[in-house]
Amino acid sequence: MSGVHARGGRVMPGLQRGGAAIVGVAESDIGAVADLMSPIDLMAQGVQRALADSGLGLRDVDGLFCATTQSRTSAMSLVEYLGLPNAYTDSTIVGGSSFEIHVAHALAAITAGMCSVAVIAYGSTQRTVGRRAASVREYNPYETPFKPFLPASAYALAASRHMHQFGTTREQLAEVAVAARQWALLNPAAWEKKPLTVADVIAARPVSDPFTVRDCCLVTDGGGAVIMTSVERAKTLRKPPIYVLGCGQSITHATISFMPDLTVTGAVESGRQAYATARMGPQDIDIAELYDAFTLNTIMFLEDLGFCAKGEGGPFISGGRIAPGGALPVNTNGGGLSYCHPGMYGLFLLIEAVRQLRGEGGQRQVAGCETAIVHGNGGVFSAQSTVILGTQATL
Amino acid sequence: MDKAPASPLTTYLAHLEQGRLAYQFSPEADAPVFFPRVICPRTGSDKLEWRASAGFGTVYATTVVHPQQGAPYNVALIDVDEGFRMMSRVEDVPPDQVRIGMRVQFRVHRPGGEEPPCPVFTPVAAA
């Protein structure tokens, strides 16, 4: 059954329910980092801290998975920096979901014997160097002449469709940002420290209708690392292993002009693959960490991952359902909207899910948390990747 | 194999210079192809015909961009009647008055200088 999804195609050879575990997680410095820190400095800081979390040492690492928009050959740079010339490397980059895809690739590499201790690392200094310098946008002759403010305008176009087709309201979009802020106020590491209301979101500086700046993810520095290893080795380490129960990916387009349907993402497919491998459905999930680059994303991913029907995401999230104390805890660290968003956010979803599953969430800890769905988004709803994680009890 | 005489973009822009909104058609797939490419993404065939659109379409999605400096402007996705979608903008109407479902008609915008022409749309006058 493993490696097979609902449409009969293979997900990925070697992909196996609970075939490897996450044993260490850490952020690097985040928010606004020291002057002249490089993205690779932040990766290395994350690696050191995540290894300390796991109890492993740098010489145990034999697999490096990484991506950043600020280094064209980031795996090469990280190998040099860490002095690991023989490491198995993978620097797949498909935007913010790269790190969820790295989890699937690391799982496959570990089970295939290509490496035994895999590090997944990220670093960005986009706040310090500026968004334009951190992520140079390619000229596209079919889009650039119209000056869309990317990525915001792409998601705004999708929002126009979602509102038109399903009656999703401006207030519902704003409520996503409010819920994220309420979680962030419980997270000492979060960038945003002040309460936020629906009225504040709507009255903020407009960016690309219907979005104001409060519908858009933060622009911060940051990085971190996740350590994965085999199940056997995981059981010998400091922290309780968090098992990778399922993975999936779907890349439907690169530019918003050619997204097949602006109200449906590849999360439908990536979620189906991940649920099939995990032998679970949305009803089995305790928390959801969903890539909230924009307020619309949370609504669309809840629909596409089966937590509610298509078009019902707006009413679903309203009334505090995804906020602290709500029926479905979503983006429990405050998300890309209020905690931290250094260009590509996918790694931070994994870090928060692991902390919740270990019971390390402090004030924001969700009681009885045994399963988590982590959903990464890259590009403009382009590259979707889902990872389902669980504690020992879920094996 | 023969070297391609011109890139897909060069051919597309040459049509625009002549006032035509061009797209490709794949006879083997019996389907339009846009953006222009060297092969059909459905069949893998390099047999692609160039066709000229009649220039009518419907607004599929719309947003108003608010730049830090300068006036707000429209960005829209247009479903062109021949069965392909493209990014553009709707002119001759305030940017926040562009509506999903609005019927629109193509015209060539010529920015001048080094910039190539680009296709924009205007509302079709009510019949």
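This report covers the domains, strands and nonpolar core of a predicted model.

## Domains of chain B

Chain B splits into domain 1 (8-52) and domain 2 (56-123). Their C-alpha centres lie 21 Å apart. On the domain 1 side, 8 residues are in contact with 9 residues of domain 2.

Helix H1 (residues 8-17) of chain B gives the largest share of the domain 1 side, with 3 residues. By class, the side of domain 1 that touches domain 2 has 6 nonpolar residues, 1 polar and 1 charged.

## The open sheet

In chain B, 3 strands make an open sheet. Their order is S2-S1-S3, and the pairing is antiparallel. Strands S2 (31-33) and S3 (49-52) of chain B each have a single partner strand, so one side of each lacks a neighbour in the sheet. Direction ignored, neighbouring strands of this sheet are turned by 45° against each other on average.

Strand S1 (residues 22-26) of chain B pairs with S3(B) over 4 bridges, in the antiparallel sense. Tyr23(B) has Arg51(B) as its bridge partner in S3(B).

## The S5-S6 hairpin

Strand S5 (residues 73-80) of chain B pairs with S6(B) in the antiparallel sense, over 5 bridges. Val80(B) has Phe84(B) as its bridge partner in S6(B). The hairpin has 3 residues between the strands. In this hairpin, Gly83(B) takes a positive phi near 105°.

Strand S6 (residues 84-88) of chain B is mostly covered, with 5 of its 5 residues buried. In a regular strand, side chains alternate between the two faces of the sheet. Both faces of S6(B) are covered. Phe84(B), Met86(B) and Ser88(B) are buried on one side. Arg85(B) and Met87(B) are buried on the other.

## The largest nonpolar core

The largest nonpolar core holds 155 residues. Within this core, Ile120(A) and Leu389(A) touch the most other members. Domain 1 (8-52) and domain 2 (56-123) of chain B each supply at least three residues to this core. In soluble globular proteins, nonpolar side chains tend to be buried together.

What does Leu389(A) touch, not counting residues up to four places away in sequence? Its contacts are Ile22(A), Ile242(A), Tyr243(A), Val244(A), Leu245(A), Ala353(A), Val354(A), Leu357(A), Ala372(A) and Val374(A).

How values were computed: Residues numbered from 1 in each chain as written. Chains lettered and ligands numbered in written order. Predicted model: local features only at pLDDT ≥ 70, side-chain atom pairs only at ≥ 80, totals over all residues. Pairing = 2+ DSSP bridges. Helix = DSSP H or I, 4+ residues; strand = E, 2+ residues; numbered from the N terminus. Axes fitted to C-alpha atoms, helices over the stretch in contact; angles between N-to-C directions. Domains from an automatic or database assignment. Contact = placed C-beta atoms within 7 Å. Nonpolar A, V, L, I, M, F, W, Y, C, P; charged D, E, K, R; others polar. Core = buried A, V, L, I, M, F, W, Y, C linked by C-beta atoms within 7 Å. Buried ≥ 20, exposed ≤ 12 C-beta atoms within 10 Å, placed from the backbone.
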